[in-house]
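Here is a friendly walk through one protein model, from a single residue out to the whole chain. Have the structure open as you read.

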Amino acid sequence: MNVTVSRELTLSAIDHLYVLVTEEMNLDLPARLRTRIERAIGDSAFEGRSDESITMLAGAPRKITLVGLGKAEALSHRGLRAAIYAVGKTARRQRDKKIGVALCASFPNASLEASTRLAADLVAHSDYKYASYITSAEMKKRGEIACTLVAPASLDRRAVARVAAQSSVLTGAVRTVKDLGNGPGNLVTPTQLAKRAQEVAREAGLKCTVFDKKQIQKLKMGGLLAVNRGSAQEPRFIVMEYVPTGRRPKKTVCLVGKGITFDSGGISLKPGERMEEMKFDMCGAAAVMGTMQAVAKMKLPHRVVGIIPSTENLPSGTAYKPGDIVTTMSGKTIEVVNTDAEGRVILADALTYSTRFKPDHLIDYATLTGACVIALGGAATGLFSTDDELASRLTAAGEEVGERLWRMPVWDDYKDYIKSEWADMKNSGGRAGGAISAAMFLREFVDCPSWAHLDIAGTAWADNETAREAKGATGVGVRATVRFLEELA
Ligand SMILES: [Zn+2]
């Protein structure tokens with residue numbers, strides 16, 4: 001959906017007006033629109049309850065739908081997201097071409113401006129579908145819906161202009177992540193991922209360097225090369241760098257993203273059931289790429305570096321094997337006990353590489369462990385950090401945009417889990433505390449006092465459509481990270 005944020009709405013120019021409102025009926029809207037909505041509410045005896053939705057034929061616009069949000073004090077991200085998602089679905093079903101959306105409520109934990117920005121972004125994604133390879137006539141006919149989101153009347157002109165500009169940047173960035181995540185493994189290969197990074201960089205105006213296999217060998221990235229050995233596709237190592245122009249960057253932040261474009265598990269082969277979902281194993285890389293796109297377009301005041309190691313993980317006669325010992329770029333050695341714990345092996349080299357930028361903060365994003373999904377399900381990303389302040393800032397940013405982070409320990413108590421008889425460490429600590437021992441492994445390669453690891457294995461994609469989002473890649477990471485970077489002094 002193409003969303004424009006505006007202070008006005010010409011009712012005769014749209015076919016369907018959607019009004020999302022709480023029981024308090026606080027209509028913070030331009031006067032004429034407000035009068036029209038008050039009349040619709042009066043005519044329909046609408047009360048704003050959370051289970052209430054009334055569509056009426058209205059003249060100009062042809063239809064008005066009133067959607068209840070319940071009591072304002074009980075309003076949650078879940079509730080508002082569900083209401084917004086329902087707007088997109090209804091608009092599709094009813095073949096609306098031009099719609100207006102009046103959201104008369106705010107997201108919890110967010111300012112009115114931030115809240116309006118998030119709403120515009122979510123409305124834009126409310127009818128998202130990855131349909132590049134659906135050839136039916138119906139899908140070909142599917143045009144884009146034009147939506148005008150009416151900004152709250154109490155937001156001033158400048159704030160509305162900011163919201164309009166920034167929300168479209170965020171929407172584009174989240175779309176980059178979703179399209180890459182949903183893209184199939186035969187098309188989103190490491191080479192293609194790197195090409196996409198270059199496109200994003202060109203369009204957003206940032207620097208992008210792509211290392212091929214020879215250059216990766218020169219850098220002695222033994223982890224990335226080991227995982228790549230089973231694949232016929234060359235690995236890529238992608239570095240995107242944004243530096244603010246005309247001023248000294250306030251901070252340097254490195255973002256590292258796991259880019260396994262397909263994970264079969266390698267010789268430690270995964271079960272066949274749902275293996276197709278392993279095309280999503282590059283969602284960390286996609287989140288970094290989308291964030292870089294947004295950061296450059298929003299011209300944030302920090303130097304931000306996105307680092308993406310990318311390869312497939314497949315079994316073959318040349319594949320790395322359980323029992324192998326691998327020397328990483330850092331010089332540290334890894335005993336491979338499970339080839340399916342490959343994400344951390346490639347991230348090891350990327351974390352080492354990040355030290356050359358001397359970052360103030362280092363954050364990595366990875367669909368790292370099934371254990372994190374067992375612990376937290378799909379409701380929260382696992383957060384592991386050596387810096388309490390960074391952890392609380394990231395958590396607060398996440399709360400504001402509806403991306404929950406839940407902190408897990410990185411205590412030395414877990415260090416024994418990855419102790420190896422034959423090398424400096426082994427790449428899997430077994431099932432118990434699996435998400436934590438994976439984080440402990442990463443920590444061995446971190447040389448930055450302020451580090452956070454986000455295990456997005458449960459949040460990067462939805463197995464099925466829910467009341468709040470479509471099946472497939474969710475775009476998790478971008479909104480929270482951008483919010484964090486905006487607030488970073
Ligand atoms: Zn794996």
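## Starting from one residue

A197 sits in helix α6 (residues 190-204). Helices here are DSSP runs of H or I with at least four residues, strands are runs of E with at least two, and both are numbered from the N terminus. Before going on, please note that this is a predicted model, in which local features need pLDDT of at least 70, side-chain atom pairs count only at pLDDT 80 or more, and totals for chains, interfaces and linings use all residues. Residues are numbered from 1 along each chain as its sequence is written.

Is A197 buried or exposed? A197 counts as buried because 30 C-beta neighbours lie inside 10 Å. The cut-offs, with C-beta atoms placed from the backbone, are 20 or more other C-beta atoms within 10 Å for buried, 12 or fewer for exposed, and partly exposed in between. Leaving out residues up to four places away in sequence, A197 touches C208, V210, I238, M240, M289 and I308; a contact means that the C-beta atoms, placed from the backbone, lie within 7 Å. T386 is 189 residues from A197 along the chain, and their C-alpha atoms are separated by 29 Å.

## A strand pair and its crossover

Strands β15 (residues 381-385) and β16 (residues 405-408) pair in the parallel sense over four bridges, where pairing requires that DSSP finds at least two bridges between the strands. L383 has R407 as its bridge partner in β16. From β15 the chain passes through helix α12 (residues 388-401) to β16, a right-handed β-α-β crossover. Right-handed means that, with the strands pointing away from the viewer, the path from the first strand over the helix to the second runs clockwise.

## The whole chain

The protein chain has 14 helices and 20 strands. Its C-alpha atoms fill a box of roughly 75 × 50 × 40 Å along the principal axes. Of the 489 residues, 53% are buried. Among contacts with a separation of 6 or more, 78% join residues 24 or more positions apart.

Notes: Contact = placed C-beta atoms within 7 Å.
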